[in-house]
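Here's a quick briefing on two bits of packing. Have a look at the model first.

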Amino acid sequence: MDIRILPANIANLIAAGEVVQRPSSAVKELMENALDAGAAKVTVVIKDAGRTLIQVIDDGCGMSPDEAVLCFERHATSKIASAEDLESISTFGFRGEALASIAAVAEVTLRTRREEDSVGCQVEFAGSRHMSTVEASCPVGSNFAVRNLFYNVPARRKFLKSDAVELKHIVEEFTRVALTRPDVAFTLIHNDRDIYVLHPAKSLKFRIQDLLGKNESDRMVDVQAETTVLRVEGFTCRPDLARKTAGSQFFFVNGRYFRSPYLHKAVMRAYEGLIPEGAVPSYFIYLQTDPHSIDVNIHPTKTEIKFEDEAIVFQVLMACIKEALGRNSFGAGMDFEAADAPQMPVISRNFDSYRPADYNPSQSLETDYNPFETPAAVDSYKAPDSFKNPGSYVDSREDYGKLFENQTVPLSQVFVLDGRFAVSAAKDGLMIVSIRRALERILYERFLKAVSSGGHVSQAALLPVKVTVGAQNRLLLDEHSALLETLGFDITPFGGDTVVVNGVPDGFSCDETKVEALVHEILDILSTDHTSLPGVLESGLAEKFARAGAASGKNMTSPIQAQRLIDTLLSCDSPEFTPRGHRIITVLPLDEIDRLLQ
Ligand SMILES: Nc1ncnc2c1ncn2[C@@H]1O[C@H](COP(=O)(O)OP(=O)(O)OP(=O)(O)O)[C@@H](O)[C@H]1O
Ligand SMILES: [Mg+2]
């Protein structure tokens, strides 16, 4: 058996496979190097989601011409000087691998100068090969331009996702690094457009605000704890603002981002009973601990950390978040009912019996109908003065009689129970419809039709509402503007990190006070990685938007709205169940009523 040493370029390629998985990995490594070099300002320039160009420019210490070549060698690092420092390999995780890995899978140009040198240099590497070094006049600092990533690794190139997905990863890494150093200025530019321009911030809170928008940061709760082994600082969101999809969850230890499903559980434990099932709070948790008590090199990209005593970290974290939430008196007893009404008992599965006694399908099938719209009859109705004066009582039944005298369907047959159920006489019993679920089904079919047929859902205009969403989110809304338009949203940029909502899909009936929550709901939906099969993608999106729309609905109180909701529901393809399989309609049969009355 021949044992051979792998040529350096092959070894680098193998290492690169682990360190540089996608454009965002290179962004992270280059940004971290810039910070290590003492930069006060870091600019990241991206073209085509990093496929053609990733450029990171800093005003740090720069390198001598020798160093500028050496830094691309494997195991070249200035950060571990001697054997004594070896301990630091596990503490800070410097491997001297990042640049060698990047240079193995791309064409890299480095322009750099130190303060003490009057002239700088330009070094070129491609596929691990040193191509050239020339003098160059450049500012103090380093400027790495990484072109044509994976040009020599077709398999990797093919594995890259759409530009939108790759850009999302880049923005994520950028955000993580920017959150470690509020004192440093960071800029992110994609295809000549500014995505983030972050000035040095007075404190972490301002950096979070610049990244995620003021609304988000205003709703954060301070977290702090100090024990002998661990210091915890940071922010976590108010329980009522926890969202259904993971978004801003950040852990840092000793100034470095890491992911930890285990510690995530500690946070979730602290929120137990305070947030609905499936919701995830945003958090920004900064841990400080003795560097010797953690191992950062258990993962090639250094994003997973091993703590000497994880159980203690878990306990401390859970306790201090609980304490912070308690201090701000977000006790239990919040109303989650709206999030998911309990399953109704299934009494009859016979669809025909859902039809109201005198239901006539040819009469009022309006799939485009907005069940929440104020009906004309109500518009023209003027409340008697006594209505506005709580002091004098008027029998409202009498007025309802007047109100609906022109309606074709006898109103006695539909009424609203508890704001949640539309109840009506059916052929063989009492039909009960969950209003929220009915709306979910109606919206779902409407959205699906629009998305798959290329049509548009009609729109209900709103008084324009400004919502500050943060630059990353604005980008997300821009990116999906065509889809949002199809679904009936009118959301336009308002400069910076703000958008204006002018309209929502017909049927959403979302009043102005709920627009902001709705926009965040939309962002949650859009930020999920929708890279599945086209059909699945469409129904998945339609389902989520329908759920959001149904949740944003006003409480329905008028029988005529309820009647029209039932009509519209019964004209749906599948009126019995929500897209998620929850039952919408049930009938309490007459014989059951007889039995109950015995
Ligand atoms: N922007 C920069 N400014 C100045 N020096 C730099 C810069 N980027 C890299 N270097 C030098 O190049 C060396 C190699 O960088 P590289 O990222 O490959 O390894 P590292 O940062 O030491 O460790 P790791 O592989 O964990 O990132 C660094 O130790 C540093 O001396
Ligand atoms: Mg590095």
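This is a predicted model: local features need pLDDT of at least 70, side-chain atom pairs count only at pLDDT 80 or more; totals for chains, interfaces and linings use all residues.

Residues are numbered from 1 along each chain as its sequence is written, chains are lettered from A and ligands numbered from 1 in the order written, and side-chain values use heavy atoms, leaving out hydrogens and water.

**The sheet**
- Three strands make an open antiparallel sheet, ordered S19-S21-S20; strands are DSSP runs of E, at least two residues, numbered from the N terminus, as are helices (H or I, at least four).
- Pairing takes at least two DSSP bridges between two strands, and the edge strands S19 (459–468) and S20 (490–493) each pair on one side only.
- From one strand to the next, the twist averages 15°; angles run from 0 to 180 degrees between N-to-C directions, with axes fitted to C-alpha atoms (for helices, over the stretch in contact).
- Seven bridges link S19 to S21 (residues 498–505) in the antiparallel sense, and Ala-461 has Gly-503 of S21 as its bridge partner.
- Helix H18 (residues 515–526) packs on the sheet and touches S19, S20 and S21, its direction making about 85° with that of S19; contact means heavy atoms within 4.5 Å.

**The helix pair**
- H7 (residues 163–178) and H16 (residues 471–479) pack at about 175°, axes 11 Å apart.
- H7 and H16 are therefore roughly antiparallel (angles over 145 degrees).
- Ala-164, Leu-167, Val-171 and Thr-175 of H7 meet Gln-472, Leu-475 and Glu-479 of H16.

Note on methods: Angles under 35 degrees count as roughly parallel, over 145 as roughly antiparallel, 65 to 115 as roughly perpendicular and the rest as oblique.
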